[in-house]
Amino acid sequence: MNYEVVFCIVNNGFSDAVMDAAKRFGARGGTILRARGTANKEAETLFNIIIQPEKEIVMILIPSEIKNDVLHGLYGAVGLDTPGQGIAFCLPVDNVIGLTSEIPNKEMKDA
């Protein structure tokens, strides 16, 4: 099975909304990191938004098959036009260990 990692960056306090939206489309869990944004006043004017410096980054490992559904769900729940002012993006994952659906390869069993 192929996997992707979704990174969703939202204003402080919106990580639960991220996880709720992602779970509606098949995600099982995520990891929340505290962060600080560095956007400037020019970006606020350009995008017509108020930028809060305190952020949360939610990392969610998902099967590739549900990536588009999860991203669309996140856009609706915490996108730039919401109070969460979130952005989300995915990166492919080469290898995964530790998931219950993952079967160890022969080299791992013989080690």
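## Lysine 55 and its neighbours

Lysine 55 is in contact (heavy atoms within 4.5 Å) with Ile9, Val10, Asn11, Asn12, Leu33, Arg34, Ala35, Arg36 and Gly37, leaving aside residues up to four places away in sequence. Lysine 55 belongs to strand E3, residues 54-63; strands here are DSSP runs of E with at least two residues, helices are runs of H or I with at least four, and both are numbered from the N terminus. With a relative accessibility of 11%, lysine 55 is buried. On this scale, buried means under 20% relative accessible area, exposed means over 50%, and partly exposed lies in between, using a 1.4 Å probe and protein chains only.

A word on the model: it is predicted, so local features need pLDDT of at least 70 and side-chain atom pairs count only at pLDDT 80 or more, while totals for chains, interfaces and linings use all residues. Residues are numbered from 1 along each chain as its sequence is written, and side-chain values use heavy atoms, with hydrogens and water left out.

## Two salt bridges

The whole structure holds two salt bridges, each defined as a side-chain nitrogen of Lys or Arg within 4 Å of a carboxyl oxygen of Asp or Glu. One joins arginine 34 to glutamate 56, with 2.4 Å between the closest N and O atoms. Arginine 34 is exposed at 63%, whereas glutamate 56 is buried at 4%.

The other salt bridge brings together glutamate 54 and arginine 36, at 2.1 Å from N to O. Glutamate 54 is in E3 and arginine 36 in E2, so this pair ties together parts 18 residues apart in sequence. Glutamate 54 is partly exposed at 38%, and arginine 36 is exposed at 56%.

Strand E1 (residues 3-11) and E4 are joined by seven bridges, and cysteine 8 has alanine 88 in E4 as its bridge partner.

Methods. Two strands pair if DSSP finds at least two bridges between them.
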